[in-house]
Amino acid sequence: MEKPEQLIVDGKRLDGRAPEELRPIKIVAGALGRADGSAYIEMGNNKVIAAVYGPREMHPRHEAQPDFAVLRCRYTMAPFSVEERKRPGPDRRSIEISKVIREALQPALFLELYPRAVIDVFIEVLQADAGTRTAGINAAAVALADAGIPMRDLVSAVAVGKVDNTIVIDLMKAEDQWGTTDMPVAMMPRKKAITLLQMDGHFTEEEFKRALDLAMRGCEQIYEAQRRALKEKYAVGGTE
Ligand code: CDP
């Protein structure tokens, strides 16, 4: 796609969204039969699967920790998930994203309940349109809950940024590529605790506050979608 002259025209983004509007979101809990827990998510044109295995015995054994379970995350992109074929296998980007996803999810788990064990989280991007790390976190949180792993809270994530001098939420590829700022945020919504905050580009202090507030409101909406997906499978939440 060539760079358009403007990314926002008459207050509307290229896909017709308002600056504060999320892309359509769809979540299915338990999308895979063989995993202990799983979820499929679509956030706009992103399509991502998360699979959770464990808690189970750690291999290699010497990596087991005597007092808590190790959370292992692997984020990968399918070769067909992006416009130019992605070379299979880990690269610097996927190693970094795997690490920040692990750090975003870890505070929600009671890892001390499972000494010597490992919990494996696999995130596979089938189709990418910017925001795959945040879509991956949303799917992984649902997959962990689906695996029946006790959690303090779910983790919900979305990116905010600046495009044509406007603060926007849930950037698509064109906005990620040609916008000036991209800030992925993850939080535990009930605890209002931020577990991931990265920034590519610049915000003034005022813009940062507005963007963070927008991200937190977006996470609340995503949290509701995550809960709905789990309810559809388990009817959690009693009579709510
Ligand atoms: O996906 P996310 O926004 O979390 O991470 P990014 O590194 O900011 O990548 C933004 C987007 O660039 C991805 O979602 C893909 O759509 C695209 N991308 C790509 O086309 N080819 C790659 N090898 C990596 C990313």
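In the predicted model, a backbone N or O atom of Ala 130 is placed 2.8 Å from an oxygen atom of the ligand. Of the 510 Å² of accessible area that the ligand has on its own, the protein covers 76%.

The shell around the ligand is formed by Met 77, Val 82, Arg 93, Ala 128, Asp 129, Ala 130, Gly 131, Thr 132, Arg 133, Lys 173 and Asp 176. By residue class, this shell comprises five charged, four nonpolar and two polar residues. Two helices contribute to the shell, with at least two residues supplied by each of helix H2 (132-146) and helix H3 (173-178). The space that the ligand takes is the largest pocket of the model.

The geometry of helix H4, which covers residues 205-234, was examined separately. Just after H4, Ala 235 adopts a positive phi of about 50 degrees.

A positive phi of about 50 degrees is also found at Asp 10, although Asp 10 is not a glycine. Asp 10 belongs to the loop that connects strand E1 (8-9) with strand E2 (12-13).

Cis peptide bonds were identified at two prolines, Pro 55 and Pro 60. The bond between Gly 54 and Pro 55 is cis, with omega of about 0 degrees, and Pro 55 is placed in strand E5 (residues 46-57). The bond joining His 59 and Pro 60 is likewise cis, and omega is about 0 degrees there. Pro 60, by contrast, is located in a loop, between E5 and strand E6 (70-77).

Key
Residues numbered from 1 in each chain as written. Predicted model: local features only at pLDDT ≥ 70, side-chain atom pairs only at ≥ 80, totals over all residues. Heavy atoms only, no water. Helix = DSSP H or I, 4+ residues; strand = E, 2+ residues; numbered from the N terminus. Expected span 1.5 Å × (residues − 1). Near = heavy atom within 4 Å. Polar contact = N/O pair within 3.5 Å; in protein donor to acceptor, adjacent residues only side chain to side chain. Areas by Shrake-Rupley, 256 points an atom, 1.4 Å probe, with all protein chains shown as cover. 1 Å grid on protein atoms, 1.4 Å probe; cavity = no way out; pocket = protein on both sides within 12 Å on 5 of 7 lines; lining within 4 Å. Sits in = over half its atoms within 2 Å of the grid points. Nonpolar A, V, L, I, M, F, W, Y, C, P; charged D, E, K, R; others polar.
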